[in-house]
Amino acid sequence: MSDMSDKVETFGRAISQARKARGWSQKELAQKILREDEEPISPQYLNDIEHDRRSPSSDRMVQQFADMLSIEADWLYYLAGKFPADLRERKLTQQEVARVMVAFRGNPKK
């Protein structure tokens with residue numbers, strides 16, 4: 001019998017499940033994800049990501065995983081604990097960020 005923690009979606013679990021659904025090995029997917037220097041990530045790095053020992057190092061990497069695996073990018077940013085670049089580039093004030101987070105949570109402070 002599994003407990004509720006087995007159901008918690010993580011970035012690594014989402015990547016692993018989508019990769020396996022496509023029948024790709026870690027090596028095959030790793031070759032499709034490029035670092036900033038245009039070199040593919042290593043299968044070991046992908047293994048670490050899939051086991052939640054490491055996080056994607058850049059927005060570009062999150063976007064590549066989304067594109068290669070047909071996963072909504074905003075969902076992957078959420079799972080990775082990141083705000084997408086287009087939101088960060090807005091240069092929101094502290095009050096604007098607080099308002100957005102309250103709206104996101106759905107329970108305004110009284």
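Let's start with the largest pocket: α5 (73-80) and α7 (94-105) each supply at least two residues of its lining. Keep in mind that this is a predicted model. The chain has seven helices and zero strands, and 31% of its 110 residues are buried.

**Overall layout**

- Going along the sequence, you'll read the pattern α-α-α-α-α-α-α.
- Take the contacts between residues at least 6 apart in sequence: 50% of them join residues at least 24 apart.

**The largest pocket**

- There's about 270 Å³ of space in the largest pocket.
- Its lining is made up of Asp74, Tyr77, Tyr78, Gly81, Lys82, Phe83, Pro84, Leu87, Val100, Met101 and Phe104.
- Sorted by class, that lining comes to eight nonpolar residues, one polar residue and two charged ones.

**Aromatic pairs**

- Searching the whole structure turns up three aromatic pairs.
- One of them joins phenylalanine 11 and phenylalanine 65, whose ring centres are 5.8 Å apart. Their planes sit at 80 degrees, and an angle over 60 counts as edge-to-face, so that's the label this pair gets.
- Phenylalanine 11 belongs to helix α1 (residues 11-21) and phenylalanine 65 to helix α4 (residues 59-69), so this pair ties together parts that are 54 residues apart in sequence.
- Phenylalanine 11 counts as buried because its relative accessibility is 4%, where the cut-off for buried is under 20%. Phenylalanine 65 is buried too, with a relative accessibility of 0%.
- Tryptophan 75 and tyrosine 78 form a stacked pair, at 5.5 Å centre to centre and with 25 degrees between the planes.
- Tryptophan 75 and tyrosine 78 are three residues apart in helix α5, so about one helical turn separates them.
- Tryptophan 75 counts as partly exposed because its relative accessibility is 38%.
- Ring pairs also bring in Phe104, linking it with Trp75 and Tyr78 into a cluster. Tyr78 and Phe104 turn up in the lining of the largest pocket as well.

**A lysine over a ring**

- Look for lysine 32 over the face of tryptophan 24, where it lies 4.8 Å from the ring centre.

- Glutamate 38 isn't a glycine, yet it has a positive phi of about 75 degrees.
- You'll find glutamate 38 in the loop between α2 (26-30) and α3 (43-50). At 47% relative accessibility, glutamate 38 counts as partly exposed.
- Aspartate 52, another residue other than glycine, has a positive phi as well, near 60 degrees.
- The loop between α3 and α4 is where aspartate 52 lies. Aspartate 52 counts as partly exposed because its relative accessibility is 41%.

Technical notes: Residues numbered from 1 in each chain as written. Predicted model: local features only at pLDDT ≥ 70, side-chain atom pairs only at ≥ 80, totals over all residues. Heavy atoms only, no water. 1 Å grid on protein atoms, 1.4 Å probe; cavity = no way out; pocket = protein on both sides within 12 Å on 5 of 7 lines; lining within 4 Å. Points joined across faces, edges and corners; volume = space filled by probe spheres on them. Helix = DSSP H or I, 4+ residues; strand = E, 2+ residues; numbered from the N terminus. Nonpolar A, V, L, I, M, F, W, Y, C, P; charged D, E, K, R; others polar. Phe/Tyr/Trp six-rings, centres within 6.5 Å; stacked < 30°, edge-to-face > 60°. Buried < 20%, exposed > 50% of the residue type's maximum accessible area, 1.4 Å probe, protein only. Lys NZ or Arg CZ within 6 Å of the ring centre and 35° of its normal. Contact = heavy atoms within 4.5 Å.
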